[in-house]
Amino acid sequence: MQKRSNRFTPVGIMLSLCLSAVMPVTPVWAVEAGGEIEVSFSGALAEDGDFTDDQFADSLDLEFFLPPLGETEISYAFRIGHPLQGLTAGKEASYFTKKLYLRRKFDRFHLTVGRQPVSWSFGSLLNPVDYTLGAVALDEENNSKYTDAVEVYTPLNWNSSLSLVTSFPAGFDLEAEKMKWGVRGRFGVKGYDLTVNYVREAAVLAGAAAELTGLREAGGAVGDVAALLPGILPRQRAGFAFKGDLGEIGFYGAYGHYFGDGVESSNSYLLGADYSYNLNYNTKITMQLEYIGVELNFLEPAYRTALLKLESDDDRLDLLAGAFSYPVDDFSTVSLITLVNLDDGSLFLTPEYQTTLPGNLDLTVNTTVFLGGGGTLLAPGDQLPQVTFCVTLSYPF
Amino acid sequence: MKKHLFFLVVSALVISNCAALALGALTAEEIIKRRDDNEHFDTAQVEAEMIIINRNRRIIKTMTTYAQGDNGLVIFSNPRDRGTKFLKRGDDLWMFFPDAEDLVKISGHMLNQGIMGSDFSYQDVMESDKLTDLYRFELIGEEEVEGRPCYVLEGIAREEKKVSYYRRKSWIDKERFVGLKEELYARSGRLLKVMYAPKVQKIEGRWYPMTVVMEDKLRKNTRTEFIVKAIEFDPQIPAGAFTLENLK
């Protein structure tokens, strides 16, 4: 995952200056603000019995709802990390810009410039053809989907469009090799949502392969090796996704093809379904299950073993992801998310209870249990704990 | 229009404000037709509040809805859901998630889910046909609701139509031709929901239920109140309002 700094990028500074210039001369500004404050307490039980329970976190998400200036919209949202501990425990607070962009609506297209979310979700739990891989529905708050970018969005009809995105993973730089490009066509056809897309990653990690090899030979930690992984992934990918209904079942899928200079091309396949069962006319349990297969033949066998616990001759990862949700009452929901590695049988289970308390306070309690034999992908061990838990209180305002 | 929340309520309860000159002569079809004639609005904009109540706990959701023909757009503005949007076009329902600015097509089976945790389902919201097209109505009597004389009509779903409720029983104000109460039944005969209209107001020459209460009879001590704060008929809705482009 690209790590973004917590300071303004040049694009952000440019937008800030624009905002500063515009705001004083605008006659009426009914600016509203809203967001969410969240505190959480988490812990983990390691395989060897060690228990860590001192993980206290707090954050403040704030968004300003600014009135449009004619056909131009301004969006500004940010997250402050550890605002409470910054005040009380001397922990350093952090700042992350989630959104800071200008969007101008022209007759034939929309132009969006600045920090913005770029997400190509289509309803799956995992998305192998997203603009940013790893920005999955299982982690909706993943910061990686907020990127400094320029997007041109062209509607073709009411449910079809073409988007062109250029982003700057290594900071604002007009050198083509340091820019990331993406094109997405979205088409509504007879009740189906069809998308085709293409992404070309920036060459920000050139030389990563050599560095990775050196690190592996020197016995580097798996985490360090994983950090260099984007540098050896195929730089280009083309994807296709669809979503529609087959009778009473929601049905979706995706195909991704990954290719680039000097690496072996590979593919990914995703097929999923969602369904809801009516227990008593109003209480509906909802289920979602999907299979994803990812070919890893671009990865050296040694890395497959080190990173993904695959047998050296196994070049494919097969996963099954599932989600289940049951509304206990108007204010509470019980859910379960699971991910199973079909190749080695390891899995994790994440049961969760979410309720809205009096005072509009949300309480979420979840735990994740990792299960698997020695040497399997999701088995507890050096990289994964046996059990984690998290209690979160949040208040939207 | 019944495709969004307000019009669901309106479509179920609103009746023509034209007083019947010969009340005794009206048939069930005529009564329902008057209601249907009034409940299908070409264009409207509504500011509303939805309160989900369970014992002494409540969640308030505020929204602006736009309706035009078969199209509907709902934009939530309460803190928890601020910026969340639903777009309905034909049989398609789309949802906009404001945080990631994602647009996702909602699966068809989700249409029977309670919308945003309320006692109103997406299917309720999307039933746009006239009630006379969906049900065969019969006048079965006259009763009083909150001191007001009402026609009592029973509607049975037409075989070829897919509806949320097999049978519905409606109490319609004889003077104002507005629905004051409605019971919604399953095919098994089980009572599923009861709607009341405790506040009715005359707006632009029409009687409308400004507050509607939906009680889920399968769950105890739970109900959803739908309160119209402001309504405008035939407003100027910008071209392209009911598109994914506008939702984004």
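Reply: In chain A, among the contacts with a separation of 6 or more, 49% are accounted for by residues 24 or more positions apart, where two residues count as in contact if their C-beta atoms, placed from the backbone, lie within 7 Å. This is a predicted model, in which local features need pLDDT of at least 70 and side-chain atom pairs count only at pLDDT 80 or more, while totals for chains, interfaces and linings use all residues. Residues are numbered from 1 along each chain as its sequence is written, and chains are lettered from A and ligands numbered from 1 in the order in which they are written.

The part to examine is strand β4 of chain B, residues 85–89; helices (H or I, at least four residues) and strands (E, at least two) are DSSP runs, numbered from the N terminus. Because four of the five residues of β4(B) are buried, this strand is largely enclosed by the rest of the structure. Buried here describes a residue with 20 or more other C-beta atoms within 10 Å of its own, whereas exposed stands for 12 or fewer and partly exposed for what lies in between, with C-beta atoms placed from the backbone.

Two strands are said to pair if DSSP finds at least two bridges between them. Strand β3 of chain B, residues 71–76, pairs with β4(B) in the antiparallel sense over four bridges, and in this pairing L73(B) stands opposite L87(B) of β4(B). Strand β5 of chain B, residues 92–97, also runs antiparallel to β4(B) and is joined to it by five bridges; here the bridge partner of L87(B) is W94(B). β4(B) and β5(B) form a hairpin with two residues between them, and G90(B), which lies in the turn, has a positive phi of about 60°.

Now for the surroundings, beginning with the contact between the two chains, which takes 35 residues from chain B and 35 residues from chain A. On the side of chain B that touches chain A, at least two residues each come from β1 (43–54), β2 (57–68), β6 (102–105) and α5 (244–247) of chain B, and β6(B) gives the most, with three residues.

Chain A itself has five helices and 18 strands, and buried residues make up 29% of its 397 residues.
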